[in-house]
Amino acid sequence: MAVRGVQSVVEPSALGPVAELYEKSRGPEFGLTLEAFEGMLQEVCGKYLSVETPATARRAFLASLRVEELVLARACAAGHERAWEVFLTRFREKLYDIAGYIAKEASSARELADSLYADLYGTTMRDGKRISKLASYTGRGSLEGWLRTVLAQEYVNRYRRQRRLVSLDQKSEEGVQFAAAVPEPVAEVDPRVEAATDEALAELPSEDRFVLASYYLDSRTLAEIARILRVHESTISRKLDKLAKSLRKRILAGLRRRGMSRQQAQEALEVDVRDLRVNLRSRLVQETAHPPFSKKKAEARAGEGHD
Amino acid sequence: MADLPKIVIQRLQGKARDQAHPDLDLISAFVENSLTQRDRNQVLEHLAHCSDCREVVALSLPEQADVVRAETQPAGSPWLSWRVLRWGTLAACVAVVGAAVTIRYESRSKFRQLIAAQSPEVQRMNETVIQPASPLKPDSAKAANRVSSQPSVSTEGVGTAAKMRLKAAPSKAATPQAADREPSEASTALQRKSVLAETGTAEVSAGAEPAPQAASGPMDELVPGRAKDMPLESQTYKAQAAVGGAMLAQPTMSASGLAVNKTALVPTIKLLPRWTLTSDGTLQRSLDSGNTWETIPVPTQAILRALAANGLHIWVGGSGGALYHSSDAGQHWTQVRPTANGEVLTADIIGVEFTDPQHGTLSTSTKETWVTDDSGQSWQKK
């Protein structure tokens, strides 16, 4: 998904009740002028809205921003001491708590939180200016939620990739045998099945595909998915059940539209992709093995034709 | 759960799409459910294909995401939620029928005679707490006599808690004067519920609405049979979902051994309100265990940052030393200006803690601590 928001300029008059938002943001406490605040809002609008966005939508968008936290974050990014006092009072403990919750391990959590603090404070200099991560906060969500997401992303980038590296020594000690890579069984999968499946998946709402991916690819529990979507666990359970049934029906219908008979479609759908890999391996290992049933029929038809 | 065809799982993985990831603001706003539907769908569209972003979303969830969107009736199986309501309705009908069959209206004077025969201490407790509308039947009177002659530790323990609860009772409840004289049936039921609730795991709020005056009979009746049958031990009230405003609760035996009929409870019992402050400083209240929330206006322009709730007492503090107190769950507010030795609190209040209605502590952004021992009448700065 491309990040919406070409750098478009929004007319100041279109920003609506900026003064009201300015007062709400407590900008004067951190030395932020109304003009600077307006410029900040323009920047945020330019990032997420297009020039064609109607004024009412633009006003609603501005009203939804967390302006007070936005100003606080930007003041911190600018190095305002008072802003940092407020920020540390509010978020210092929470940051370590969040890191602890994400990393699950005390030392990793502390390292994660300390690293983020450095990024938030802006230890990196560019062109003589301090670069703070807080400058990228735009107020769409709460500042605490944003910090949580930043920590989560940092964690994913750092530690999960480290864990994916397999220690060869460790594996050989455990007796794991490294096998040759199995060739992709692309040739064995009927392209009509793939096309019908892709078509059925494309028809699903994005939320349904997210649920399927979370459950079947990420192995998330129903409770975890329900928390993300803010629904009850039973809703996810029923949705998955319903999706499994409806996808099967749609794929079968798609296969029928592509010229398969009902039985062929059902057989094609029941073929396990992993079974296809096994069949291919067995064919490679045993050249005298009997060909699959479908191949037999093809050969039989070919024989009849020759005769 | 029906099996998903394996080919679907394979195609679900698909090829990695060359898409820009949504920025962290969008992801955090998605997690907080504060995006427009269109933006939300766009984020979901990306998440459906990006395992890394799904991982970030999962890790970004707060530890306790207890806000659940009100579940709309699922298209596939509407019977599930209705089943709960059906059973609730059935249970309510059974309770009403059972009460109609077993309840006997007793004269109020006979019961007062029984109370008068009790020890002064128990009598004082019962007068302020339990006042049935009708006299007991002879057999129930015996049960009451037997039980009431056994003042227990839990009764005393209840007393203290009951006092706090009574103090925290809403304006609708009996006034202190009313507690000394014969209280109205409505306030009686309220107070009784509060006290009885204290004996066990209280789920009945002190903010329970008093019964309507007209419902004199069932409100305060005792169940003679139940008083004999039920053991003299505290049980937990189980307030079940309201059906048409009717609440059910299994009868509880208080330390005094008086069982309360199911229908003796007010038609509507509210749970203790839950409170929260949104990120922009708006105070919100839930009266249904967090299922739905309503904004409670506080007469201040200050941004609220901290709150403390104790029964119906709610304290909120915010920027510029703003401190407000309500003793009726947010219906009316009083501004409190903490002052100590001539100095007025003007710093941002970032922490409010009240262990009981009298004792409270404020923390400010300037690392000050202000303490009160008299519900905010006077303060000490530490």
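In which order do the four strands of the open sheet in chain B lie? The order is E4-E5-E6-E7, and the pairing is antiparallel. Before I continue, a word on conventions. This is a predicted model, in which local features need pLDDT of at least 70 and side-chain atom pairs count only at pLDDT 80 or more, while totals for chains, interfaces and linings use all residues. Residues are numbered from 1 along each chain as its sequence is written, and chains are lettered from A and ligands numbered from 1 in the order in which they are written.

Let me stay with the sheet. Strands here are DSSP runs of E with at least two residues, helices are runs of H or I with at least four, and both are numbered from the N terminus. Two strands pair if DSSP finds at least two bridges between them. The edges of the sheet are strand E4 (304-310) and strand E7 (334-335) of chain B, each of which pairs on one side only. E4(B) is joined to strand E5 (residues 313-318) of chain B by six bridges in the antiparallel sense; B:Ala308, for example, has B:Trp315 in E5(B) as its bridge partner. The hairpin of E4(B) and E5(B) has two residues between the strands, and there B:Gly311 takes a positive phi near 65°.

Chain A has 15 helices and two strands, and chain B has 13 helices and 13 strands. A residue counts as buried if 20 or more other C-beta atoms, placed from the backbone, lie within 10 Å of its own. By that criterion, 29% of the 307 residues of chain A are buried, and in chain B the figure is 41% of 382 residues.

One helix of chain B illustrates burial. Eight of the eight residues of helix H2 (residues 24-31) of chain B are buried, so this helix is largely enclosed by the rest of the structure. Among them are B:Leu24, B:Asp25 and B:Phe30. Just after H2(B), B:Asn33 takes a positive phi of about 60°.

How many residues does each chain give to the contact? Chain A gives 66 residues and chain B gives 61, where two residues are in contact if their C-beta atoms, placed from the backbone, lie within 7 Å. On the side of chain A that touches chain B, the largest share, 12 residues, comes from H12(A). The residues of that side divide into 27 nonpolar, 15 polar and 24 charged.

H12(A) also packs against a neighbour in its own chain. The axes of helix H12 (residues 233-257) and helix H13 (residues 262-270) of chain A come within 9 Å and cross at roughly 130°. Residues of H12(A) including A:Ile251 and A:Leu255 meet residues of H13(A) including A:Ala265 and A:Leu269. By class, this contact has six nonpolar, one polar and three charged residues.

Thank you for your attention.

Terms used: Axes fitted to C-alpha atoms, helices over the stretch in contact; angles between N-to-C directions. Nonpolar A, V, L, I, M, F, W, Y, C, P; charged D, E, K, R; others polar. Buried ≥ 20, exposed ≤ 12 C-beta atoms within 10 Å, placed from the backbone.
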